Amino acid sequence: MEAAALYFRFKDNLATIAGALNSKLEVRSMPYNTSIPLEIDLLADVLRLHGLDFQSTTPGAARLFDFQQWYAQNEEKVNDVMHRVLEEKRAYMKTATGTVLQKEMLYRRLEYFKETAHTLEVMMAQQQLHSPKHFSYPFLNQ
């Protein structure tokens with residue numbers, strides 16, 4: 001998907017993920033409690049380079065709600081920064097694993113939120129259609 005489409009759908013993707021996490025959808029067997037806070041922190045690193053400071057110590061996928069609230073308060077600034085980063089082709093940033101393009105780092109984060117939103121939408125649709133469970137997890141039967 002084009003970077004512009006990922007950028008324009010970001011707010012909707014956040015809302016979709018938050019809605020799924022607030023629903024009765026069973027996500028305990030999914031990696032979201034680990035991956036969502038990591039992706040939010042990586043996105044916050046890109047934004048921090050441009051003067052926006054998001055910090056949260058909320059554990060697990062619930063960090064998304066902190067970010068969503070912060071994003072709602074700073075939406076115009078965040079969108080401006082994301083737009084500038086996506087337009088810039090030569091800006092780099094240092095990470096724990098080396099130096100990467102800011103644009104690439106942001107693009108990968110936006111892509112993650114798009115894919116997560118899509119996966120959760122599919123899972124919710126399957127649940128609403130009463131699709132059979134594909135796997136039997138003992139802790140779900142308790």
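**Exercise 1. Is Trp70 buried or exposed?**

Solution. Trp70 has a relative accessibility of 12%, which makes it buried. The cut-offs: buried is under 20% relative accessible area, exposed is over 50%, and partly exposed is in between, with a 1.4 Å probe and protein chains only. Keep in mind that this is a predicted model, where local features need pLDDT of at least 70, side-chain atom pairs count only at pLDDT 80 or more, and totals for chains, interfaces and linings use all residues. Residues are numbered from 1 along each chain as its sequence is written, and side-chain values use heavy atoms, leaving out hydrogens and water.

**Exercise 2. Work out how Trp70 sits relative to Phe67.**

Solution. Start with the helix: both residues belong to H3 (residues 63-73), and because they are three residues apart there, about one helical turn separates Phe67 and Trp70. (Helices are DSSP runs of H or I with at least four residues, strands are E runs with at least two, and both are numbered from the N terminus.) Next, check the cover: Phe67 is buried too, at a relative accessible area of 0%.

Now the rings. The structure has nine aromatic pairs. For Phe67 and Trp70, the ring centres are 5.7 Å apart and the planes sit at 40°, so this pair is tilted. The rule is that rings of Phe, Tyr and Trp (its six-membered ring) pair if their centres lie within 6.5 Å; planes under 30 degrees apart are stacked, over 60 edge-to-face, and the rest tilted.

**Exercise 3. Which residues do ring pairs link into a cluster with Phe67 and Trp70?**

Solution. Look for Phe10, Phe54, Tyr71, Tyr112 and Phe113, which ring pairs join to Phe67 and Trp70. Two of these names turn up again in helix H5: Tyr112 and Phe113 are among its buried residues.
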